[in-house]
Amino acid sequence: MERLPGFRDFYPEPLPGNEPWSCDARQYIFDTWRSVARRYGFREYDGPPLEPLELYTNKSGNEIVGQLFNFIDKGERAVSMRPELTPTVARMVATSERAYKKPIKWFALPQLFRYEKQQKGRLREHFQFNCDIFGEQANAADAEIIALLIDSLRSFGLTAEDFVLRLSSRQAWQGFYEARNPDASKAYEFYQVVDKIEREKPEISREKLAPLGISYDDVVSFIQKSEPTPELQAVLDNLAARGLSDFVKTDYGVIRGLAYYTGVVFEAFDRKGEFRAIAGGGRYDNLIKLVSNGKVDLPALGFGMGDVVLLELLKVRGKLPKFSANLNAFMMIEDETLRAESLSLIQQLREGGLLVDYSLTPTKGDKQFKRAQELGSKFTVRLEKSDTGTIAVVKNLQTRQEERVNPSEVATKLKS
Ligand code: HAM
(Lines give C-alpha, C1' and ligand atoms only; values in the text may rest on other atoms or scores of the structure.)
Protein backbone atom coordinates (compact mmCIF):
# COMPACT_ATOMS: atom_id res chain seq x y z
CA MET A 1 0.00 0.00 0.00
CA GLU A 2 1.58 3.27 -1.07
CA ARG A 3 1.11 6.66 0.50
CA LEU A 4 -0.83 9.31 -1.40
CA PRO A 5 1.09 11.57 -3.82
CA GLY A 6 2.29 14.81 -2.23
CA PHE A 7 2.16 13.40 1.33
CA ARG A 8 5.15 12.49 3.45
CA ASP A 9 6.30 9.87 5.93
CA PHE A 10 8.59 11.20 8.62
CA TYR A 11 11.16 8.58 9.68
CA PRO A 12 13.77 8.96 12.39
CA GLU A 13 17.33 9.36 11.05
CA PRO A 14 19.35 7.73 9.58
CA LEU A 15 16.81 7.76 6.75
CA PRO A 16 15.98 4.65 4.73
CA GLY A 17 16.35 4.74 0.91
CA ASN A 18 15.69 8.08 -0.76
CA GLU A 19 13.37 9.41 1.91
CA PRO A 20 14.21 13.10 2.29
CA TRP A 21 12.02 13.98 5.28
CA SER A 22 12.98 13.01 8.79
CA CYS A 23 11.06 13.56 11.99
CA ASP A 24 14.32 14.77 13.55
CA ALA A 25 14.68 17.58 10.98
CA ARG A 26 11.01 18.47 11.41
CA GLN A 27 11.43 18.71 15.19
CA TYR A 28 14.57 20.81 14.78
CA ILE A 29 12.67 23.22 12.51
CA PHE A 30 9.71 23.40 14.93
CA ASP A 31 11.99 24.03 17.94
CA THR A 32 13.81 26.82 16.09
CA TRP A 33 10.57 28.46 14.90
CA ARG A 34 9.09 28.31 18.41
CA SER A 35 12.13 29.78 20.10
CA VAL A 36 12.38 32.74 17.70
CA ALA A 37 8.66 33.55 17.99
CA ARG A 38 8.91 33.48 21.78
CA ARG A 39 11.96 35.77 21.67
CA TYR A 40 9.68 38.32 19.98
CA GLY A 41 6.97 37.90 22.62
CA PHE A 42 4.56 35.85 20.48
CA ARG A 43 2.18 33.30 22.08
CA GLU A 44 1.27 29.96 20.52
CA TYR A 45 -2.27 29.09 19.39
CA ASP A 46 -3.89 26.56 17.06
CA GLY A 47 -7.25 25.98 15.40
CA PRO A 48 -9.09 22.99 13.90
CA PRO A 49 -7.59 21.19 10.87
CA LEU A 50 -11.10 20.92 9.36
CA GLU A 51 -13.19 24.06 8.79
CA PRO A 52 -16.47 25.03 7.10
CA LEU A 53 -15.81 25.36 3.35
CA GLU A 54 -17.31 28.83 3.47
CA LEU A 55 -14.39 30.12 5.52
CA TYR A 56 -12.20 29.93 2.40
CA THR A 57 -14.51 30.65 -0.53
CA ASN A 58 -14.55 34.40 -1.32
CA LYS A 59 -11.85 35.16 1.24
CA SER A 60 -8.60 33.54 0.20
CA GLY A 61 -8.87 34.00 -3.58
CA ASN A 62 -9.50 31.71 -6.53
CA GLU A 63 -6.13 29.99 -6.63
CA ILE A 64 -6.29 28.51 -3.15
CA VAL A 65 -10.01 27.65 -3.45
CA GLY A 66 -9.16 25.57 -6.53
CA GLN A 67 -6.73 23.60 -4.36
CA LEU A 68 -9.01 22.74 -1.45
CA PHE A 69 -9.30 19.23 -0.02
CA ASN A 70 -13.04 19.65 0.52
CA PHE A 71 -15.93 17.22 0.94
CA ILE A 72 -19.40 16.81 2.43
CA ASP A 73 -19.21 15.29 5.91
CA LYS A 74 -21.67 12.76 7.38
CA GLY A 75 -23.73 15.62 8.81
CA GLU A 76 -24.17 17.05 5.27
CA ARG A 77 -21.82 19.97 6.02
CA ALA A 78 -19.58 21.35 3.29
CA VAL A 79 -16.13 21.22 4.92
CA SER A 80 -12.49 21.61 3.94
CA MET A 81 -9.09 20.66 5.33
CA ARG A 82 -7.31 23.94 6.10
CA PRO A 83 -5.17 25.14 3.16
CA GLU A 84 -3.86 28.07 5.22
CA LEU A 85 -4.34 29.34 8.76
CA THR A 86 -5.12 33.02 8.19
CA PRO A 87 -8.94 32.74 7.84
CA THR A 88 -9.01 30.53 10.97
CA VAL A 89 -7.00 32.95 13.07
CA ALA A 90 -9.07 35.87 11.74
CA ARG A 91 -12.19 34.02 12.95
CA MET A 92 -10.60 33.24 16.33
CA VAL A 93 -9.51 36.86 16.85
CA ALA A 94 -12.88 38.21 15.69
CA THR A 95 -14.63 35.96 18.23
CA SER A 96 -12.39 36.55 21.25
CA GLU A 97 -10.36 39.72 20.72
CA ARG A 98 -11.89 41.38 23.78
CA ALA A 99 -10.16 38.86 26.04
CA TYR A 100 -6.70 39.98 24.83
CA LYS A 101 -4.68 43.17 25.17
CA LYS A 102 -3.62 44.75 21.86
CA PRO A 103 -1.52 44.30 19.93
CA ILE A 104 -2.21 40.57 19.88
CA LYS A 105 0.96 38.71 18.80
CA TRP A 106 0.37 35.04 18.06
CA PHE A 107 2.17 32.19 16.29
CA ALA A 108 1.20 28.67 15.21
CA LEU A 109 2.72 25.63 13.47
CA PRO A 110 -0.22 24.07 11.61
CA GLN A 111 -0.13 21.27 9.05
CA LEU A 112 -1.90 22.55 5.92
CA PHE A 113 -3.42 20.77 2.93
CA ARG A 114 -3.55 21.97 -0.67
CA TYR A 115 -4.42 19.83 -3.66
CA GLU A 116 -1.47 21.10 -5.72
CA LYS A 117 0.50 19.47 -8.47
CA GLN A 118 3.41 17.83 -6.66
CA GLN A 119 6.66 19.56 -7.66
CA LYS A 120 9.93 20.78 -6.19
CA GLY A 121 9.04 22.83 -3.12
CA ARG A 122 5.30 22.13 -3.34
CA LEU A 123 3.48 19.16 -1.80
CA ARG A 124 -0.11 18.39 -0.85
CA GLU A 125 0.59 18.89 2.83
CA HIS A 126 3.12 21.06 4.57
CA PHE A 127 3.78 22.58 7.95
CA GLN A 128 3.71 26.34 8.08
CA PHE A 129 5.10 28.72 10.70
CA ASN A 130 2.49 31.47 11.04
CA CYS A 131 3.18 34.71 12.92
CA ASP A 132 0.57 37.46 13.01
CA ILE A 133 -0.07 40.75 14.79
CA PHE A 134 -3.61 42.06 15.34
CA GLY A 135 -4.78 45.51 16.39
CA GLU A 136 -1.81 47.62 15.25
CA GLN A 137 -2.10 50.08 12.40
CA ALA A 138 1.41 51.57 12.66
CA ASN A 139 4.15 50.58 10.20
CA ALA A 140 6.26 49.64 13.23
CA ALA A 141 4.23 46.40 13.25
CA ASP A 142 5.08 45.65 9.62
CA ALA A 143 8.77 46.16 10.42
CA GLU A 144 8.47 43.97 13.53
CA ILE A 145 6.89 41.07 11.63
CA ILE A 146 9.50 41.36 8.84
CA ALA A 147 12.34 41.42 11.40
CA LEU A 148 10.86 38.28 12.97
CA LEU A 149 10.80 36.57 9.57
CA ILE A 150 14.43 37.55 8.94
CA ASP A 151 15.52 36.33 12.38
CA SER A 152 13.62 33.06 11.90
CA LEU A 153 15.73 32.32 8.83
CA ARG A 154 18.94 33.55 10.49
CA SER A 155 18.32 31.19 13.40
CA PHE A 156 18.95 28.29 11.05
CA GLY A 157 22.39 29.72 10.20
CA LEU A 158 21.25 31.32 6.93
CA THR A 159 22.78 34.70 6.08
CA ALA A 160 22.08 37.66 3.78
CA GLU A 161 24.01 35.70 1.13
CA ASP A 162 21.49 32.86 1.36
CA PHE A 163 18.16 34.69 1.30
CA VAL A 164 16.44 38.01 0.64
CA LEU A 165 13.02 39.45 1.43
CA ARG A 166 11.37 41.15 -1.52
CA LEU A 167 9.17 43.93 -0.13
CA SER A 168 6.25 45.35 -2.03
CA SER A 169 3.01 47.22 -1.48
CA ARG A 170 -0.55 46.36 -2.43
CA GLN A 171 -1.32 50.05 -2.01
CA ALA A 172 1.28 50.95 -4.64
CA TRP A 173 -0.27 48.42 -7.02
CA GLN A 174 -3.76 49.59 -6.16
CA GLY A 175 -2.73 53.17 -7.06
CA PHE A 176 -1.20 51.91 -10.30
CA TYR A 177 -4.39 50.04 -11.21
CA GLU A 178 -6.85 52.77 -10.25
CA ALA A 179 -4.99 55.30 -12.40
CA ARG A 180 -5.57 53.05 -15.42
CA ASN A 181 -8.89 51.30 -14.79
CA PRO A 182 -11.83 52.64 -12.75
CA ASP A 183 -13.46 49.20 -12.39
CA ALA A 184 -12.45 48.18 -8.85
CA SER A 185 -14.13 44.77 -9.25
CA LYS A 186 -11.36 43.72 -11.68
CA ALA A 187 -8.45 44.78 -9.44
CA TYR A 188 -7.86 41.28 -8.04
CA GLU A 189 -7.80 39.87 -11.56
CA PHE A 190 -5.04 42.35 -12.34
CA TYR A 191 -3.09 41.46 -9.15
CA GLN A 192 -3.15 37.81 -10.18
CA VAL A 193 -1.58 38.62 -13.54
CA VAL A 194 1.18 40.56 -11.74
CA ASP A 195 1.60 37.68 -9.27
CA LYS A 196 2.34 35.28 -12.13
CA ILE A 197 4.28 37.68 -14.37
CA GLU A 198 7.73 36.29 -13.53
CA ARG A 199 6.80 32.70 -14.27
CA GLU A 200 4.55 33.40 -17.29
CA LYS A 201 5.55 33.98 -20.93
CA PRO A 202 5.32 37.76 -21.73
CA GLU A 203 2.79 37.13 -24.57
CA ILE A 204 0.39 35.45 -22.15
CA SER A 205 0.63 38.24 -19.53
CA ARG A 206 0.22 40.81 -22.33
CA GLU A 207 -2.93 39.01 -23.52
CA LYS A 208 -4.41 38.90 -19.99
CA LEU A 209 -3.64 42.59 -19.37
CA ALA A 210 -5.16 43.86 -22.64
CA PRO A 211 -8.87 43.50 -21.63
CA LEU A 212 -8.03 45.37 -18.40
CA GLY A 213 -6.73 48.28 -20.50
CA ILE A 214 -3.23 47.95 -19.03
CA SER A 215 -0.03 47.63 -21.01
CA TYR A 216 2.55 44.97 -20.22
CA ASP A 217 5.43 47.42 -20.68
CA ASP A 218 3.82 49.82 -18.25
CA VAL A 219 3.67 47.05 -15.60
CA VAL A 220 7.26 45.96 -16.26
CA SER A 221 8.55 49.51 -15.97
CA PHE A 222 6.63 50.01 -12.66
CA ILE A 223 8.33 46.85 -11.33
CA GLN A 224 11.74 48.00 -12.54
CA LYS A 225 11.38 51.34 -10.76
CA SER A 226 9.95 49.81 -7.54
CA GLU A 227 9.93 53.19 -5.86
CA PRO A 228 9.06 52.70 -2.16
CA THR A 229 5.77 54.23 -0.98
CA PRO A 230 6.08 56.35 2.23
CA GLU A 231 4.76 53.39 4.30
CA LEU A 232 7.36 51.09 2.75
CA GLN A 233 10.10 53.66 3.34
CA ALA A 234 9.10 53.80 7.03
CA VAL A 235 9.47 50.02 7.22
CA LEU A 236 12.86 50.15 5.48
CA ASP A 237 14.08 52.82 7.93
CA ASN A 238 12.90 50.76 10.90
CA LEU A 239 14.75 47.70 9.60
CA ALA A 240 17.88 49.79 8.93
CA ALA A 241 17.86 50.87 12.60
CA ARG A 242 18.06 47.17 13.54
CA GLY A 243 20.94 46.57 11.11
CA LEU A 244 18.77 44.36 8.91
CA SER A 245 18.95 46.31 5.63
CA ASP A 246 21.05 43.65 3.90
CA PHE A 247 18.18 41.19 4.14
CA VAL A 248 15.56 43.20 2.23
CA LYS A 249 15.00 44.94 -1.09
CA THR A 250 12.03 46.80 -2.55
CA ASP A 251 10.71 44.74 -5.43
CA TYR A 252 7.25 45.27 -6.93
CA GLY A 253 7.58 41.97 -8.79
CA VAL A 254 5.96 40.59 -5.63
CA ILE A 255 2.24 41.28 -5.05
CA ARG A 256 1.02 38.04 -3.32
CA GLY A 257 -1.60 35.76 -4.83
CA LEU A 258 -4.03 35.71 -1.91
CA ALA A 259 -6.98 38.10 -2.15
CA TYR A 260 -7.05 39.60 1.34
CA TYR A 261 -3.80 41.64 1.42
CA THR A 262 -4.16 45.41 1.71
CA GLY A 263 -0.76 47.03 2.50
CA VAL A 264 2.91 46.08 2.70
CA VAL A 265 3.45 42.57 1.29
CA PHE A 266 6.62 40.48 1.06
CA GLU A 267 8.10 37.14 0.08
CA ALA A 268 11.35 35.48 1.11
CA PHE A 269 13.48 33.78 -1.56
CA ASP A 270 16.88 32.13 -1.70
CA ARG A 271 19.42 34.59 -3.18
CA LYS A 272 20.28 32.38 -6.13
CA GLY A 273 16.63 32.05 -7.13
CA GLU A 274 16.80 28.25 -7.31
CA PHE A 275 13.79 27.57 -5.10
CA ARG A 276 10.14 28.56 -4.80
CA ALA A 277 9.22 31.16 -2.16
CA ILE A 278 10.34 30.21 1.37
CA ALA A 279 7.78 32.47 3.05
CA GLY A 280 5.21 35.10 2.26
CA GLY A 281 2.92 37.52 4.02
CA GLY A 282 1.73 41.05 4.48
CA ARG A 283 -0.95 43.29 5.87
CA TYR A 284 -4.61 42.29 5.60
CA ASP A 285 -6.59 44.99 7.39
CA ASN A 286 -10.05 44.01 6.07
CA LEU A 287 -10.15 40.26 6.68
CA ILE A 288 -11.37 40.28 10.28
CA LYS A 289 -14.21 42.57 9.32
CA LEU A 290 -15.10 40.25 6.45
CA VAL A 291 -14.95 37.08 8.58
CA SER A 292 -17.03 38.68 11.38
CA ASN A 293 -19.63 40.11 8.96
CA GLY A 294 -18.62 43.63 9.93
CA LYS A 295 -18.89 43.11 13.71
CA VAL A 296 -15.18 43.43 14.49
CA ASP A 297 -12.73 45.67 12.69
CA LEU A 298 -9.06 45.14 13.55
CA PRO A 299 -5.95 45.74 11.47
CA ALA A 300 -3.87 42.61 10.93
CA LEU A 301 -0.63 41.43 9.37
CA GLY A 302 1.60 38.39 9.35
CA PHE A 303 3.47 35.75 7.40
CA GLY A 304 3.60 32.04 6.73
CA MET A 305 6.83 30.06 6.23
CA GLY A 306 6.62 26.51 4.91
CA ASP A 307 8.87 23.65 6.02
CA VAL A 308 9.31 22.20 2.51
CA VAL A 309 11.42 24.82 0.72
CA LEU A 310 13.15 25.70 4.00
CA LEU A 311 14.39 22.14 4.45
CA GLU A 312 15.50 21.87 0.80
CA LEU A 313 17.50 25.07 1.23
CA LEU A 314 19.04 24.08 4.58
CA LYS A 315 20.16 20.79 3.06
CA VAL A 316 21.76 22.35 -0.01
CA ARG A 317 23.55 24.96 2.12
CA GLY A 318 24.74 22.29 4.59
CA LYS A 319 22.99 24.01 7.51
CA LEU A 320 21.27 20.99 9.05
CA PRO A 321 22.81 19.49 12.17
CA LYS A 322 23.54 15.74 12.30
CA PHE A 323 20.65 13.96 13.98
CA SER A 324 20.82 10.88 16.19
CA ALA A 325 19.08 9.50 19.26
CA ASN A 326 21.51 11.71 21.21
CA LEU A 327 21.73 9.29 24.12
CA ASN A 328 23.63 10.24 27.23
CA ALA A 329 24.49 6.60 27.80
CA PHE A 330 24.07 3.08 26.50
CA MET A 331 24.11 0.52 29.28
CA MET A 332 26.14 -2.53 28.27
CA ILE A 333 25.00 -5.72 29.98
CA GLU A 334 27.79 -8.21 29.32
CA ASP A 335 27.36 -10.23 32.51
CA GLU A 336 23.74 -11.42 32.62
CA THR A 337 23.94 -11.98 36.41
CA LEU A 338 24.15 -8.17 36.63
CA ARG A 339 20.98 -7.52 34.55
CA ALA A 340 18.78 -6.74 37.60
CA GLU A 341 21.35 -4.30 39.00
CA SER A 342 21.79 -2.77 35.54
CA LEU A 343 18.02 -2.27 35.19
CA SER A 344 17.94 -0.60 38.57
CA LEU A 345 20.69 1.83 37.49
CA ILE A 346 18.99 2.48 34.09
CA GLN A 347 15.76 3.31 35.90
CA GLN A 348 17.55 5.68 38.27
CA LEU A 349 19.39 7.46 35.42
CA ARG A 350 16.21 7.88 33.38
CA GLU A 351 14.35 9.24 36.40
CA GLY A 352 17.19 11.76 36.65
CA GLY A 353 16.32 12.99 33.14
CA LEU A 354 19.13 11.22 31.26
CA LEU A 355 18.58 9.54 27.88
CA VAL A 356 19.55 5.91 28.33
CA ASP A 357 19.13 2.78 26.21
CA TYR A 358 20.28 -0.86 26.42
CA SER A 359 19.73 -4.29 24.83
CA LEU A 360 16.41 -5.78 25.89
CA THR A 361 17.68 -9.36 25.56
CA PRO A 362 21.10 -11.01 26.07
CA THR A 363 23.35 -9.75 23.26
CA LYS A 364 27.05 -10.11 22.46
CA GLY A 365 29.23 -7.31 23.83
CA ASP A 366 30.50 -6.13 20.43
CA LYS A 367 26.92 -5.89 19.11
CA GLN A 368 25.88 -3.82 22.11
CA PHE A 369 28.85 -1.51 21.54
CA LYS A 370 27.96 -1.09 17.85
CA ARG A 371 24.40 -0.21 18.81
CA ALA A 372 25.67 2.41 21.30
CA GLN A 373 27.63 4.03 18.46
CA GLU A 374 24.72 3.90 16.01
CA LEU A 375 22.51 5.64 18.55
CA GLY A 376 25.06 8.44 18.91
CA SER A 377 25.54 7.70 22.62
CA LYS A 378 28.09 9.86 24.42
CA PHE A 379 28.98 7.17 26.96
CA THR A 380 28.67 3.45 27.60
CA VAL A 381 28.15 2.25 31.15
CA ARG A 382 28.94 -1.30 32.21
CA LEU A 383 28.60 -2.85 35.66
CA GLU A 384 31.35 -5.15 36.91
CA LYS A 385 31.74 -7.28 40.02
CA SER A 386 34.75 -6.48 42.18
CA ASP A 387 36.02 -7.57 45.61
CA THR A 388 34.44 -4.47 47.16
CA GLY A 389 31.02 -4.91 45.45
CA THR A 390 29.65 -3.72 42.08
CA ILE A 391 31.42 -0.91 40.24
CA ALA A 392 30.44 0.98 37.08
CA VAL A 393 32.80 1.44 34.13
CA VAL A 394 31.91 4.65 32.32
CA LYS A 395 33.46 5.03 28.87
CA ASN A 396 33.50 8.28 26.92
CA LEU A 397 32.93 7.22 23.30
CA GLN A 398 34.65 10.28 21.91
CA THR A 399 37.88 10.20 23.90
CA ARG A 400 37.64 6.41 24.51
CA GLN A 401 38.66 7.08 28.12
CA GLU A 402 37.29 4.78 30.80
CA GLU A 403 36.61 5.59 34.42
CA ARG A 404 35.60 3.24 37.22
CA VAL A 405 33.14 4.79 39.65
CA ASN A 406 30.62 3.82 42.29
CA PRO A 407 27.19 3.14 40.56
CA SER A 408 25.65 5.95 42.64
CA GLU A 409 28.06 8.43 40.99
CA VAL A 410 27.22 7.51 37.38
CA ALA A 411 24.48 10.16 36.96
CA THR A 412 26.80 12.96 38.09
CA LYS A 413 29.56 11.62 35.84
CA LEU A 414 27.25 11.56 32.79
CA LYS A 415 25.97 15.05 33.45
CA SER A 416 29.41 16.57 33.95
P1 HAM B 1 1.31 31.36 1.11
O2 HAM B 1 2.24 32.22 0.30
O3 HAM B 1 0.22 30.68 0.41
O4 HAM B 1 0.75 32.28 2.27
O5 HAM B 1 2.19 30.29 1.86
C6 HAM B 1 3.28 30.67 2.67
C7 HAM B 1 4.45 29.71 2.46
O8 HAM B 1 4.00 28.37 2.69
C9 HAM B 1 5.01 29.65 1.04
O10 HAM B 1 5.95 30.67 0.84
C11 HAM B 1 5.62 28.27 1.02
O12 HAM B 1 6.89 28.26 1.66
C13 HAM B 1 4.68 27.46 1.87
N14 HAM B 1 3.74 26.70 1.03
C15 HAM B 1 2.57 27.10 0.51
N16 HAM B 1 1.98 26.13 -0.20
C17 HAM B 1 2.81 25.06 -0.12
C18 HAM B 1 2.78 23.73 -0.63
N19 HAM B 1 1.77 23.29 -1.37
N20 HAM B 1 3.81 22.91 -0.35
C21 HAM B 1 4.84 23.34 0.40
N22 HAM B 1 4.92 24.56 0.93
C23 HAM B 1 3.94 25.42 0.66
C24 HAM B 1 -0.20 31.89 3.17
O25 HAM B 1 -0.55 30.75 3.34
C26 HAM B 1 -0.66 33.02 4.07
N27 HAM B 1 -1.84 32.54 4.81
C28 HAM B 1 0.45 33.44 4.98
C29 HAM B 1 0.07 34.56 5.91
C30 HAM B 1 -0.05 34.49 7.26
N31 HAM B 1 -0.23 35.79 5.56
C32 HAM B 1 -0.53 36.49 6.64
N33 HAM B 1 -0.42 35.70 7.71
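This is a predicted model: local features need pLDDT of at least 70, side-chain atom pairs count only at pLDDT 80 or more; totals for chains, interfaces and linings use all residues.
Figure 1. The strands involved are E5 (residues 104-108) and E7, which run antiparallel and are joined by five bridges. Another of the pairings to look for is Ile104, whose bridge partner in E7 is Phe134. Four of the five residues of E5 are buried, so this strand is largely enclosed by the rest of the structure. E5 also pairs with strand E1 (residues 43-44), this time in the parallel sense and over two bridges. There, Glu44 has Phe107 of E5 as its bridge partner.

**Figure 2. Strand E7 from end to end.** How many of the residues of E7 are buried? The count is 10 of the 10, so E7 is largely enclosed by the rest of the structure. In a regular strand, side chains alternate between the two faces of the sheet. Here Glu125, Phe127, Phe129, Cys131 and Ile133 point one way, while His126, Gln128, Asn130, Asp132 and Phe134 point the other way.

Figure 3. Strand E6 (residues 111-113) pairs with E7 in the antiparallel sense over three bridges, and Gln111 stands opposite Phe127 of E7. Seven bridges join E7 to E12, and these two strands also run antiparallel. Keep an eye on Phe129 here: its bridge partner in E12 is Met305.

**Figure 4. Phe129 meets Phe303.** The model holds 27 aromatic pairs. One of them is formed by Phe129 and Phe303, an edge-to-face pair with 5.8 Å centre to centre and 80° between the planes. Phe129 lies in strand E7 (residues 125-134) and Phe303 in strand E12 (residues 300-306), so the pair ties together parts that are 174 residues apart in sequence. Are these two residues buried or exposed? Phe129 is buried, and Phe303 is buried too.

Figure 5. Arg26 lies over the face of Phe10, at 4.5 Å from the ring centre. For a second example of this kind, turn to Phe269, where the charged end of Arg166 sits over the ring, 5.0 Å from its centre.

**Figure 6. The largest nonpolar core.** In soluble globular proteins, nonpolar side chains tend to be buried together. The largest nonpolar core of this model has 74 residues, and those with the most contacts inside it are Ile146, Leu167, Trp173, Phe190, Val219, Met305 and Leu310. Which helix gives the most to this core? That is helix H4 (residues 139-154), with nine residues. For a closer look, centre on Leu167: leaving aside its neighbours within four places in sequence, its contacts include Ile146, Leu232, Val235, Leu236, Leu239, Val248, Tyr252, Val265 and Phe266. Lys249, Thr250 and Asp251 are also among the residues that Leu167 contacts. Another core, of 27 residues, lies apart from the largest one and has Ala90, Ile104, Ala108 and Leu287 among its members.

**Figure 7. Trp173 and Tyr252.** Both Trp173 and Tyr252 are buried. Their rings form a tilted aromatic pair, with 6.5 Å centre to centre and 55° between the planes. The pair links distant parts of the chain, 79 residues apart: Trp173 belongs to helix H5 (residues 170-178), and Tyr252 to the loop between strand E9 (248-250) and strand E10 (264-270).

**Figure 8. Met332 and its surroundings.** Met332 lies in strand E13 (residues 329-332). Its relative accessibility is 6%, so Met332 counts as buried. Leaving aside its neighbours within four places in sequence, Met332 is in contact with Gly365, Gln368, Phe369, Thr380, Val381, Arg382 and Leu383. Met332 and Val381 are 49 residues apart along the chain, yet their C-alpha atoms are separated by 5.9 Å.

**Figure 9. Putting the close-ups in context.** The protein has 14 helices and 17 strands, and its C-alpha atoms fill a box of roughly 95 × 55 × 45 Å along the principal axes. Of its 416 residues, 51% count as buried. Among contacts with a separation of 6 or more, 68% come from residues 24 or more positions apart. The accessible surface comes to about 20,700 Å², and 49% of it belongs to carbon and sulfur atoms.

Conventions. Residues are numbered from 1 along each chain as its sequence is written. Side-chain values use heavy atoms; hydrogens and water are left out. Rings of Phe, Tyr and Trp (its six-membered ring) pair if their centres lie within 6.5 Å; planes under 30 degrees apart count as stacked, over 60 as edge-to-face and the rest as tilted. Buried means under 20% relative accessible area, exposed over 50%, partly exposed in between (1.4 Å probe, protein chains only). A charge sits over a ring if NZ of Lys or CZ of Arg is within 6 Å of the ring centre and within 35 degrees of the ring normal. Two strands pair if DSSP finds at least two bridges between them. A nonpolar core is a set of buried Ala, Val, Leu, Ile, Met, Phe, Trp, Tyr and Cys residues joined through side-chain atoms within 4.5 Å. Contact means heavy atoms within 4.5 Å. Accessible areas come from the Shrake-Rupley method with a 1.4 Å probe; for residues, only the protein chains shown count as cover.
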